[in-house]
Amino acid sequence: TILMPGDHSELSLTFYSGNTYRIIMKSAETAGDVSFLIKDSNSKPLFKSNPLDNSDFYDFTSESTQQLTIEMMAAENTAEDESSPSQCVVVLVGQKE
């Protein structure tokens, strides 16, 4: 997806019981900070990225078949940089064996 400064986008996916998954979230390093929040169907946070420690993936085993929402949030413009470009954000989901 493409995010402008201050924008957010959500993606809902189904994960099946007993499977182990890795969710990877990436954006261009020069485009500014993008944070990611993974939450369950009750909006309970399961994982929140921290741009300072490069936590751009989340591994987990699904205990039950469930729908999770991945929310991607682009940082607001700073006072020094009002010309922040749009950001391309990619989410990859894979099953681990």
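**Core and aromatic cluster**

In this predicted model, F60 has a relative accessible area of 10% and is therefore buried, the cut-off being under 20%. F15 is likewise buried, with a relative accessible area of 1%. Y58 also counts as buried, at 17% relative accessibility.

The structure holds five aromatic pairs. The rings of F15 and F60 have centres 5.3 Å apart and planes at 70°, so this pair is edge-to-face. The two partners come from distant parts of the chain, with F15 in strand β2 (residues 8–15) and F60 in strand β6, 45 residues apart. The rings of Y58 and F60, by contrast, have centres 5.1 Å apart and planes at 20°, so they are stacked. Through ring pairs, F15, Y21, F47, Y58 and F60 are joined into a cluster.

F60 also belongs to the largest nonpolar core, which has 16 residues; I23, M25, I38 and F60 touch the most other members. At least two core residues come from each of β3 (20–27), β4 (34–39), β6 (57–61) and β7 (66–74). The greatest contribution is that of β7, with four residues. Leaving aside residues up to four places away in sequence, the contacts of I23 include F15, I38, Y58, F60 and I70.

I38 leads on to the pairing of strands. It stands opposite F47 in β5, and β4 pairs with strand β5 (residues 45–48) in the antiparallel sense over three bridges. The hairpin of these strands has five residues between them, and S43 takes a positive phi near 65°.

Finally, R22 lies over the face of F57, at 4.3 Å from the ring centre.

Notes. Residues numbered from 1 in each chain as written. Predicted model: local features only at pLDDT ≥ 70, side-chain atom pairs only at ≥ 80, totals over all residues. Heavy atoms only, no water. Core = buried A, V, L, I, M, F, W, Y, C linked by side-chain atoms within 4.5 Å. Buried < 20%, exposed > 50% of the residue type's maximum accessible area, 1.4 Å probe, protein only. Contact = heavy atoms within 4.5 Å. Pairing = 2+ DSSP bridges. Phe/Tyr/Trp six-rings, centres within 6.5 Å; stacked < 30°, edge-to-face > 60°. Lys NZ or Arg CZ within 6 Å of the ring centre and 35° of its normal.
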